[in-house]
Amino acid sequence: MEKFIRPAAIDGVITAPSSKSDMLRAVAAAYLTGAACELLRPSYCDDALAALHIVETLGADVTRAPERVTLAPSARQPGTRLDCGESGLCIRMFPSIAARSAQPVTLTGRGSLLARPLAMLEQPLRALGVACVTANGLPPLTVQGPLRAGKTAIDGSITSQFLTGLLMALPLCDGDSELLVTNLTSKPYIAMTLSLLEKFGIRVVNENFERFAIPGNQAYHAGTHQVEGDWSGAAFPLVAGALAGRVTVNNLQQDSLQADAAILDALRRAGAEVEITGDAVTARRSRLAGFEFDATNCPDLFPPLVALAACCDGKSVIHGAQRLAVKESDRGLALRQEFSK
């Protein structure tokens, strides 16, 4: 018996899930306090669970509840094998953090993560005193510290995630550090990292996202952090509202530094009606026209943006597709194949 999906209207209100990007950074920062911390409105997506498992392996006690996660130091001996699941952020952020120890630590994962490039980690970590070995530039990755303060150069053309890890680990070193960064993509994600570090009491001097001066001998301040709502997850229902009716998404921080908050700009460029009230965003259907948008710094927006563009009158151009080949899959190819059907 054939089944059909037919066009329909949409009208409703939902709450954005908690941000994976904010959650993973907050888990790492809470661990680095070396004290008891509480994360409110946590995400329990697979990547967040991988991050929580990693800090447990590194020696933290983690207590999960529906609306909060508590992290505290424990007397357990840290493990030497960190399972990153399929999280690209985990396998690129946690090497610098794990390398604070003189004990060899291996980071690995599953599925498509085993094809994610890691070669950009090797030389910068070695310049900071860390023995670093990959499988020909791919996972698994073994690091052995201790990480030490110093100066190193980073190519940010493929990912900003490794830079996030260094920005989190180097403030704890005995001495000042300097990072020289070229071709940095996803600058909003580094802005997120810097904002979160400031909330935990860490100071980093950012010079146009090209040079970062990091004073040493700092300490993370323990406390309570509320995880932001996720603009990445909100992008899909907001586009649905713009295409087929009306959708309101609650729990969206308007001054968020998340890269995918740029969905508002894309919707407006296409002619959608967008209304913001407090932490709620509403998108309504209207006549949509082709638009041009640069998604280089927000590649996770490509799927909803392609859906939006497919329903616009006229031609749309979305820049930055070169970022899509080294995600969980070749997202550019997948989008072309599926929408061609």
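Colleague: Of the 341 residues of the protein chain, what percentage count as buried?

Modeller: In this predicted model 52% of the 341 residues count as buried, where buried means under 20% relative accessible area, exposed means over 50%, and partly exposed lies in between, with a 1.4 Å probe and protein chains only. Residues are numbered from 1 along each chain as its sequence is written. Because the model is predicted, local features need pLDDT of at least 70 and side-chain atom pairs count only at pLDDT 80 or more, while totals for chains, interfaces and linings use all residues; side-chain values use heavy atoms, leaving out hydrogens and water.

Colleague: How many salt bridges does the structure hold?

Modeller: Side chains of opposite charge can pair when their charged atoms come close. The structure holds 14 salt bridges, each being a side-chain nitrogen of Lys or Arg within 4 Å of a carboxyl oxygen of Asp or Glu. One of them joins Arg 110 and Asp 83 at 2.7 Å, N to O, and this pair links distant parts of the chain, 27 residues apart, with Arg 110 in the loop between β6 (105–108) and α4 (119–127) and Asp 83 in strand β5 (residues 81–83).

Definitions and conventions: Helices (H or I, at least four residues) and strands (E, at least two) are DSSP runs, numbered from the N terminus.
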